[in-house]
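Please consult the sequence and the coordinates alongside the text.

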2 protein chains.
Amino acid sequence: MPSRKIFREITLSGIIFLMFFSLQTEWAGAEDGHRMWLRYDLVSDPVQLHQYRNLFRDVVAHGSSPTFEVLLEELELGMKGLLGESVRYRASVERPGTLLIGTPDSSDLISSLGLEMKLRELGPEGFLIEQMDVGGVNSTVIAANRDIGLLYGVFELFRRMQTEQDLVGISHQAVPRVQHRVVNHWDNLDRTVERGYAGISLWEWGTLPEYHHPRYREYARFNASIGVNATAINNVNANPLILTDHYLEKVKVLADIFRPYGIRMFLSVNFDSPRRIGGLDTSDPLDPDVRAWWKEQVENVYSYIPDFGGFLVKADSEGQPGPHGYGRDHADGANMLAEALEPYGGIVFWRAFVYDPEQSDRIREAYDEFVPLDGKFMENVILQVKNGPLDFQPREPFSPLFGALPQTNTMIELQVTQEYFGFANHLAYQGPLFEEVLQAETYARGEGSTVARIIDGDLFEYSQTGMAAVINPGTERNWTGHPFVQSSWYAFGRLAWDHSLTAEEIADEWIRMTFTNDVRFVEPVKEMMLISREAGVNYRSPLGLTHLYAQGHHYGPAPWNAQHGSRPDWTAVYYHRADEEGIGFDRTETGSNAVEQYHSPLSEIFGDPNRVPEELLLWFHRVDWDHEMSSGRTLWEELVYKYYEGVEMVRQMQDSWNHLEGLIDEQRFDHVKALLTVQEKDAIRWRDSCVLYFQTFSGMPIPEVYELPKHSLERYIELEQELYIPRF
Amino acid sequence: MPSRKIFREITLSGIIFLMFFSLQTEWAGAEDGHRMWLRYDLVSDPVQLHQYRNLFRDVVAHGSSPTFEVLLEELELGMKGLLGESVRYRASVERPGTLLIGTPDSSDLISSLGLEMKLRELGPEGFLIEQMDVGGVNSTVIAANRDIGLLYGVFELFRRMQTEQDLVGISHQAVPRVQHRVVNHWDNLDRTVERGYAGISLWEWGTLPEYHHPRYREYARFNASIGVNATAINNVNANPLILTDHYLEKVKVLADIFRPYGIRMFLSVNFDSPRRIGGLDTSDPLDPDVRAWWKEQVENVYSYIPDFGGFLVKADSEGQPGPHGYGRDHADGANMLAEALEPYGGIVFWRAFVYDPEQSDRIREAYDEFVPLDGKFMENVILQVKNGPLDFQPREPFSPLFGALPQTNTMIELQVTQEYFGFANHLAYQGPLFEEVLQAETYARGEGSTVARIIDGDLFEYSQTGMAAVINPGTERNWTGHPFVQSSWYAFGRLAWDHSLTAEEIADEWIRMTFTNDVRFVEPVKEMMLISREAGVNYRSPLGLTHLYAQGHHYGPAPWNAQHGSRPDWTAVYYHRADEEGIGFDRTETGSNAVEQYHSPLSEIFGDPNRVPEELLLWFHRVDWDHEMSSGRTLWEELVYKYYEGVEMVRQMQDSWNHLEGLIDEQRFDHVKALLTVQEKDAIRWRDSCVLYFQTFSGMPIPEVYELPKHSLERYIELEQELYIPRF
């Protein structure tokens, strides 16, 4: 409640007016973030508005498909919103200022424009937007080979209008860099969302198939607008019941709603389904009954969803069943499913997120398990590899599997939901992290062998390519909880379409579409977003430290955590290994030698404490507390410096944001402002907990220039027990 | 997705227009139920609109308090919405058509009107709305002793305008019948909601106290509009951490937001808190350290919330700790807390929902435990008794505790959330159930001793009176999941204010406020609402049967359920006791003799199988399958008849609803339509499961006039296992 001064006599109509407006906003929920980046408010720059109105006086649209119908809806919504004018449709191009939309198949006009050469390059999903002469009339043309390309073209056009770009003389062709642009939901059938933080699951299993919640279509639309073309809607820790008719009837409804938006349905399946729901006594992938059972299930799924995408599988990972339980390997397991799916054009996303409590170094495991299997997977299998070898930490090196599997289709799995980044409470734009890994140099085929060139199939000529991201939308009105988590979802889609975009370009687009084109807002917010990931690294685990979380919830710090059941790799001390002499995990030849999993010269660079990037120093090396850093500071001093810098960066974000009051709506301004306060509080807890804890080993002082820790280490350890972290 | 025919050439601008509108509605969420019964759309009847505009041309409002500020906001919102005109404030009454609002303390004008006598009757919360002469000018006056009364008056005025009632010559005085009108939330600190079904908890513990979600104020406003003046925001299965400073800082923010709306904050506490978070080794209520600890906690709570209401306690109930664990009784436990709260004006709601696995008849327990304690509770304790002796079943007799505690303040606990009524999937307006129990005759002081007269303090002169309801609002956009669950929340508030209202009157108000005043809609929907509870009784457990649910989730049928751990009273067979000879629970002298807990002549009536209302027959009696019913049918035939009638009533509701298309917005129409389809499906499952199961005992046929069961009993038993019931 604003602490407004109360008043006795009502003569101040201005105040009343103000109150009314603020109340109206609240009740109406006008700027509650629900529209995300597709707000389509009237173009605010009068020059651009004038230009767009002149460019799009008429529309000639030729097409006939559910996708085309969606396109027409979008066109009306966008033109009405951005230009304040309904679309005026014409049967043919009659005057300058016409937007012509169609495919060569649906439109004679399009096929008469001599675009064959260009269209051939565009494939099934690409499009072009071009200003050109159409029968003597200067027009804007959106053309593609299929209607889904046209829909992507309309979204691209509106993106440019939302960001107020000059459209005169536009000539743009776009083709997605990877085939499968997939969002993953870790949604359980009880509607809890693992690592979700934005309410409960979007999918109302209790009212499906009867009730079609409006949000299903809204969800599909947002994804289509950034080029996402596939979704796996249930948790990889999969409930086998998803394959029963009872659930398939419900999944079918969602698939039908998503289809016009170009989005294919995938399901996560439980490898043990034959035993759990099939009445078999084994799930051995080489057992003929098991293979027959899966074929039956696949046939059944396709009877509901003729264009079903395939299965996403987490097997032999964190307690999930898999082929190892039957003495088989990942290829045996994946290929069994791939064989069943193959006749229907379905594919298998087989996750490479595996690790073994018996391994001396957890991060070695995936490479050690999968590299020997290279070449053994069927063509319709794609290995889905997390960006780093551990688990979505604030910073990791790229996974050495990228570059080590020349004969196995390999895609990347990124995380939009902020499992390790402060849930929906912290501002942590993931664009810089995504860019960092995509642009990482693997040296797999010499210089220029970036991760991006591997996953887009360029380097190894993969037959199937893809990028996946674990997203978190739930029933929260603004979809993602923290308004800025939307930006990472947006960034994922944009990078999956075109990995050459920079995090900065994408942030610029997103801010303009989501908030305003006012540069007084755009520039400082972009700066905030671009430092936000590094801030999160600094106040949690700088210099290559990792996984200092309290176990289970992955929110707050517990670097002291030394026990978690029988799994040393679920503790914090397993990773930092601090003692009186030093800190860090030796992954060189004298240690686990995980550096050998990288190609030369990276293996040598990572293996040398004086050449490794300092941001990964303690990931690969165990060094003394007085190890000299490039700054001239000792390791201890640098560590303290980084932790304090993390908090300062949050304060810098707070300060920036607080200066923006009035430039956007009060509702979202207040929300982000409050969340930044939470973030500052949490960042201090992280910093103090870690610095005080590591100090018990280094025995060195916190330099006097820094503010004192807020509490003692003992109090911070108590706090970890007292704070009850909501699952949501 | 509407299966609209696709089209090739765009010349049908009408279709485009239609599509745009439907899309706009979806994206804008205009009629998503979020506004509940306070929609304040323009008055649709031109005659009434004209009248209201003439009556309220000017407003003179005198007051100064946060509550008065809220009143002014509401006034602007309502007048702007209902009349399409902003409020014109004047310093004094100048011309006819003035609305004058104030208390004698804040307004000399009000105190000059000679309303002293009337105001004396109104107490702290009452109000009057009267058309009268004010200094020679015909005006409408809202007067009260305190600003909260004025706020209630404004809501009453708007209710009448929303329902388009004639306001000329209005003369209305209103005083609430009970003091404490309390909503209970079973919200856990992890934001799950026990028996919630409408998303997760409203309270964002993770972002409090920093972030003040707009919904907190909206929530308070809805409650105030129906006279609710207290809320207990956390689950009665209480996490002790709620009393830590960490949480109290957060609770304080909510209390501050609710306060201007006249809503007092209560908290559910865990009886074992002294041990669990206090570091004591006992929670014995007679232990001096324990008593001192609670006094400290209370002092601390009041330091955050000076007008804190008190504690709600579930003790020695379903595994919750309580005084019995220390050999003490409920009075010892409640009085310890009451003593701590008493200096601050706080009170204890002590729940009487207790039962014992050792008891031969579960429903006897609460009476047997509490009646001997009558007179032993402090004056600031109120026993909170569920409407029936079991647990919110579709139908129960009233709890015999009503009428058996002349010296113990006793309030009623009702359930709005549909734990046993199909969650948020079924339409089941609870107004008729509430009315049934409130108007039930207890004969405690002879004829006319209704439950209502007991809980309003009239019969036994209780010093504290109250009504509570367990409500379910969560993060779902429409608050309650099923739009019609809103109506039961509304009905609770209205009845807590005035228990003489009928369920029908309340339904009429609610429909008009929530949907439309169009009688073509109002009348059939009212009819649906009024039969909906009885439909739910019939397809689940007619004729006094009860608790035939699958355990745990309380959604679907499992009359065959015979085992649930070691608790026979958590099975279904415990309640129906069907065998080849008959069915029902003998609660007469030959059985558990629970009938003796009722006053004469009810005990005799309930005890006689030929005089007991047939709707309670099997609750009190075990009878043969061929027992003759008043209809002339045998018991078996009557049972089958009722089950089939239940499904038919759902179909009748479906049919009524489907005829209403076009009279309200598409969004809510489609939602309810789909949910009624779910309900029909579930009702059939209930009917078939029960009839087929009981048939295995009766050995009698299902008369041929009825449709065949959809599946076999075996399949229904399987289905119960296959269906995975979402917790949400």
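## Polar contacts of A:Glu125

The side chains of A:Glu125 and A:Arg181 form a polar contact of 2.9 Å, that is, a pair of N or O atoms within 3.5 Å; within protein, one must be able to donate a hydrogen and the other to accept it, and residues adjacent in sequence count only if both atoms are side-chain atoms. A further polar contact, also of 2.9 Å, links the side chain of A:Glu125 to that of A:Asn229.

This is a predicted model, in which local features need pLDDT of at least 70 and side-chain atom pairs count only at pLDDT 80 or more, whereas totals for chains, interfaces and linings use all residues. Side-chain values use heavy atoms, without hydrogens and water, residues are numbered from 1 along each chain as its sequence is written, and chains are lettered from A and ligands numbered from 1 in the order in which they are written.

## Setting of A:Glu125

A:Glu125 lies in the loop between helix H5 (116-122) and strand S3 (127-134) of chain A; helices (H or I, at least four residues) and strands (E, at least two) are DSSP runs, numbered from the N terminus. With a relative accessible area of 15%, A:Glu125 is buried (under 20%; exposed is over 50%, partly exposed in between; 1.4 Å probe, protein chains only).

## Backbone features

The A:Leu208 to A:Pro209 peptide bond is cis, with omega near 5 degrees. In chain B, a cis peptide bond joins B:Ser600 and B:Pro601, with omega about 5 degrees.

B:His554, which is not a glycine, has a positive phi of about 60 degrees. B:His554 is buried, at 5% relative accessible area.
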